[in-house]
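The exercises below are to be worked with the sequence and the coordinates at hand. Each task is followed by its solution.

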Amino acid sequence: MNELLKLLSPTGDTIQKTEVISGSGSNRKYYRFYGLNKSYIGVYGKDVQENKTFIELSSHFRRHNIKVPQVLAVSEDFHYYITEDLGSTDLFSIIGSSEVLDLLVKTIKALPEIQFAAGADMNYNICYPQKEFDFHTVFWDLNYFKYEFLKPAGIEFDELRLESDFEHFASILLSVHTNTFMYRDFQSRNIMIKDNEPWFIDFQGGRKGPYYYDLASFVYQAKAKYSKETKELLINTYIDSASKYIDIKPADFRKTFGYFVLFRALQTLGAYGFRGLVEHKAHFIQSIPFAIDNLSEILQEYDYSKLPYLTEILNELIDGYKRPFINNTAELVVKVFSFSYKKGIPMDYSGNGGGFVFDCRAVHNPGKYPEYKDKTGLDKEVIDFVEKNGELAVFLDSVYKLADASVSRYLKRGFTDLMFSFGCTGGQHRSVYAAQHLAEHINNKFGVKVILEHTARQISSVLETKEVKQ
C-alpha cells in the first residue's frame, strides 16, 4: 500500500480514501485511490514478468488507439503500478439491460482492431508466459480439463482413446496460421464501460494465436447466457469487421470456429475445476453448472463427428454431472453427508470450507457379516444390529451436543450454511445410519431445511423447513 501511495505522490493529488477491489481469479491485488478530483487504480503483482507484459501491451495498444487503461506510474522493481480508473461498471454487470446489445456490438467491432491491427506490428517476445499459441498450449489446456475437472467428476475413460482425439483436436486448432494477437481471456468481465464505450483490461496473458479463440471466449461465455439470436448477431458482426483485414468465407469460418468454441469450453471447465474444486473458491464452484449447460448447448450446435470419443465422454459428463445445492436464501440450510473414506470427504460447494467431519470407523462394522453385505444403514436389519450393539448411540449422543450448539449459534448469527459429514470404510452402513439420524434430529428439533446425501449410495433427500415447538 505504501509503495503505491509513493507512486501517486508526483501527481500532487491528495488521497482522500482507499478501497480494496476484489479479484475473482487473479492473485494480483487491486486498490482504488480517491483523490480530490479523480481516482486511480493501484496494482500489486508478485510476478514481475507478467506486470511488465501488461505495461508494455498497454502502451502498444494505446499507440493503436485501442481503449485500454493508461499506465501512469511504475515502481523500480515492477511489483507495483498505477493506472487510470475506468470505473466499476463491467459489461457482464449490465447484461440484460436495454443498452447492452449496442455495447456488445461495439465490443465485437473493436476485437479485430486488437487482433489484426495491433497484432500486425506487435513484438510477441514480450508475451508471457508464452509468446505463441502452440501444441504445448493446446495440450496443457486439454490436460487441465482432463485432470482438474473430468477425473474429479468421476468420469471413467480410456486414456489412449481420449489422447488420440486430443491429438486430432490439436491438429485442427493449429491448422490456423495468422499473425494476430490472441487476447486469451476476452470475456465480458474484462470489458469496462466508460462513457458508453467498451474499454479493455486483463490482456496480459495474450499471445500470438488464431483469431477464432477470442470470439469463442466472448460469445460462448457460460454465465453470460446470450440468446441464440444475440450469438448470431455477434458472429456476423465479427465476420463483417474482420473482413477488412482478411478474406473470410462464412461457411468455412463457422466450421473451424466450432472447434475453438469447444476448446474454450473445456479450458473454462478446467479452470473452474482447479479454482473451485481444488482451491475452493465459491465463485468458481457456483459457475460450474453454467459451464455444463453451455457445453451441452455447444454439442448440439456444432458437428464434432471428427472427435467421436471425446464427444461420447462429454455427453456422459453432461448426463452424469450432479448439480450441487447452492443456498441462495437468507435462511440456514444444513447439509449432512455420509461418505466412504476410500472416495474422499465431500466437497463444500458453498465456498465456506466445509464443517464437521466425523469418523465412524471405530464403531463395530455390520459390513463384516455376510447377511448385511447388501444392506445399508437405511435397512431395518442394519438399524436393528446397530441399535442393539449400542456403540453408535453413544457416538451420536456426543455428535448431537455439538450439532445442537452449532445450529443454535448459526441461527442466532444469521449464517446460511452448515455442513456435517460422516465417513466409514465403504460409506454404506455406519456413516449412512449416523447421517440419516443427525439429519432427522436437526430437522425435528430446529425445523430448518436439511439436505441429506448418502454419497457412496447415490441417495439424496431433502427434509423441508417446518414449524417446531421450542
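This is a predicted model: local features need pLDDT of at least 70, side-chain atom pairs count only at pLDDT 80 or more; totals for chains, interfaces and linings use all residues.

Residues are numbered from 1 along each chain as its sequence is written, and side-chain values use heavy atoms, with hydrogens and water left out.

**Exercise 1. The whole protein**

Determine how many helices and strands the protein has, and state what share of its residues is buried.

Step 1. The protein has 13 helices and 14 strands; helices (H or I, at least four residues) and strands (E, at least two) are DSSP runs, numbered from the N terminus.

Step 2. Along the principal axes, the C-alpha trace spans about 80 × 60 × 45 Å.

Step 3. Of the 470 residues, 50% are buried, where buried means under 20% relative accessible area, exposed over 50%, and partly exposed in between (1.4 Å probe, protein chains only).

Step 4. Among contacts (heavy atoms within 4.5 Å) with a separation of 6 or more, 71% are between residues 24 or more positions apart.

**Exercise 2. Helices H5 and H10**

Describe how the axes of H5 and H10 cross, and name the residues that make the contact.

Step 1. Two packed helices are described by the angle between their axes and the distance between the axes. Axes are lines fitted to C-alpha atoms, for helices over the stretch in contact, and angles run from 0 to 180 degrees between N-to-C directions.

Step 2. The axes of H5 (residues 159-173) and H10 (residues 308-320) come within 8 Å, crossing at roughly 115°. H5 is therefore roughly perpendicular to H10; angles under 35 degrees count as roughly parallel, over 145 as roughly antiparallel, 65 to 115 as roughly perpendicular and the rest as oblique.

Step 3. The crossing of H5 with H10 is left-handed, a term for the near helix being turned anticlockwise from the far one by less than a right angle, with right-handed used if clockwise.

Step 4. H5 contributes Arg-161, Leu-162, Asp-165, Phe-166 and Phe-169 to the contact, and H10 contributes Pro-308, Tyr-309, Leu-310 and Glu-312. By class these residues are 6 nonpolar, no polar and 3 charged; Ala, Val, Leu, Ile, Met, Phe, Trp, Tyr, Cys and Pro count as nonpolar, Asp, Glu, Lys and Arg as charged, and the others, Gly among them, as polar.

Step 5. The buried residues of H10 include Tyr-309, Leu-310, Ile-313 and Leu-317. Their cover includes H4 (135-150), H5, H8 (250-278) and H9 (282-301).

**Exercise 3. Helices H3 and H7**

At what angle do H3 and H7 pack, and what covers the buried residues of H7?

Step 1. H3 and H7 pack at about 35°, their axes being 9 Å apart, and the crossing is right-handed.

Step 2. Residues in this contact include Leu-104, Ile-108 and Pro-112 of H3, together with Leu-234, Thr-237 and Tyr-238 of H7. The contact comprises 11 nonpolar, 4 polar and 1 charged residues.

Step 3. Among the buried residues of H7 are Lys-231, Leu-234, Ile-235 and Tyr-238. The buried residues of H7 pack against H3 (100-120), H6 (212-219), H8 and H9.

**Exercise 4. Positive phi values**

Find where Arg-184 and Asp-202 lie, and classify the accessibility of each.

Step 1. Arg-184, in the loop between E6 (181-182) and E7 (191-194), has a positive phi near 80° without being a glycine. Arg-184 is buried, because its relative accessible area is 14%.

Step 2. Asp-202, in the loop between E8 (197-200) and E9 (207-208), has a positive phi of about 60° and is not a glycine. At 22% relative accessibility, Asp-202 is partly exposed.
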